[in-house]
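I opened this notebook to keep track of what I looked up. The entries follow the order in which I checked things.

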Amino acid sequence: MNFFKGKALSWEVRDGVLELMLDHPPANEIGTAMLADLEKFVAGFPSLQNETAVCIISSARKSGFSAGADLRELYHGAVSLPEKEKLLGVRDFLKRIHSVLNTIDAAPFVTIAAVHGVCFGGGLELALACDMIIADKMARFAFPELRLGLIPGFGGIPRLKRDLGNAFVRDLLFTGRTMNATRTHAIGLVAQLAGEGEALRIARSTAVQIARFDQAARAAAKKFVKPIPREELQREIEIFCELFTRPAVMAALKKFVEDSGPMPYLPWKKTEISPT
């Protein structure tokens, strides 16, 4: 399949480059619709790998790459179910999204996240599953989950530790603050810094360069430098589920859902946003 359009995203293959475009209003929240389309996407990898050198994941939404998990859907789904079924539903969703991101992580081609605007929570975890992040200079990155009484649940902590080490993980996680593209480029999270509105163009240019090299060598190099921390990823699911059962989490999610502000996915005051 060279072209697909789903409810939350679309993709096509041209000249050896597979381009996935996230497009789920308002801000590419990752819920059941996005997950179902992502599952169809990764299911096509075996048939796409022989004609694909590079995969670029980007966003059609002006607000940015992705605001993270669909917290409204999470809350409404949780309050409608008995306690035991609520936890089973959360665990099942986490296992499914982990399977998708593990498949992207281990894809037989090079993957690039072309990021602009917000890249928060689950959106950052999707970007971290890619081999490279190319970011618009106005992009912002954050893990705000602790504000809800949770930890990132889509594999973010193990992947960030793998790529950057514990010091940056603790800063991003414990403060919940946003960090701009310049800072994240300086520490190595972002591979290339692009001008405003230029991330996708730079990603496409980079894909052309990558495609020139031997496919088998690319795959071997990726497997060598990017091991998947499967045990830590499984532990992350367990910790998330343990935290999710607490009343404080449901209270925080309820507060989020009732927020009538224009950007509820930014649950902090302007004075709390780090300039770095």
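How much space lies in the largest pocket? I noted about 570 Å³ for the largest pocket. The model is a predicted one, and I kept that in mind throughout.

Next I looked up what surrounds this space. The largest pocket is lined by 35 residues. Ala69, Asp70, Leu71, Leu74 and Phe93 are the lining residues that lie nearest its centre. By class, I found 20 nonpolar, eight polar and seven charged residues in this lining. Helix H3 (71-79), H4 and helix H5 (122-129) each supply at least two of the lining residues. H4 gives the most, with seven residues.

I then turned to the second largest pocket, whose volume is about 360 Å³. Its lining has 18 residues, and nearest the centre are Cys130, Asp131, Met132, Val225 and Lys226. I sorted this lining into 11 nonpolar, one polar and six charged residues. H5, strand E8 (132-136), helix H6 (156-164) and helix H10 (215-225) each supply at least two residues here. The largest share, four residues, comes from H10.

Last, I checked the nonpolar cores. The largest has 69 residues, and among those with the most contacts inside it are Leu18, Ile57, Phe65 and Phe244. Helix H4 (residues 83-105) gives the most to this core, with seven residues. A second, separate core has 14 residues, including Ile112, Ile134, Ala199 and Ala207.

Leaving aside neighbours within four places in sequence, Leu18 is in contact with residues including Trp11, Phe41, Phe45, Leu48 and Phe109.

How values were computed
Residues are numbered from 1 along each chain as its sequence is written. This is a predicted model: local features need pLDDT of at least 70, side-chain atom pairs count only at pLDDT 80 or more; totals for chains, interfaces and linings use all residues. Side-chain values use heavy atoms; hydrogens and water are left out. A nonpolar core is a set of buried Ala, Val, Leu, Ile, Met, Phe, Trp, Tyr and Cys residues joined through side-chain atoms within 4.5 Å. Buried means under 20% relative accessible area, exposed over 50%, partly exposed in between (1.4 Å probe, protein chains only). Contact means heavy atoms within 4.5 Å. On a 1 Å grid over the protein atoms alone, a cavity is a set of points where a 1.4 Å probe fits but cannot get out, and a pocket is an open set with protein on both sides within 12 Å along at least five of seven lines; lining residues have an atom within 4 Å of a point. Grid points are joined across faces, edges and corners, and a volume is the space filled by probe spheres set on the points. Ala, Val, Leu, Ile, Met, Phe, Trp, Tyr, Cys and Pro count as nonpolar, Asp, Glu, Lys and Arg as charged, and the others, Gly among them, as polar.
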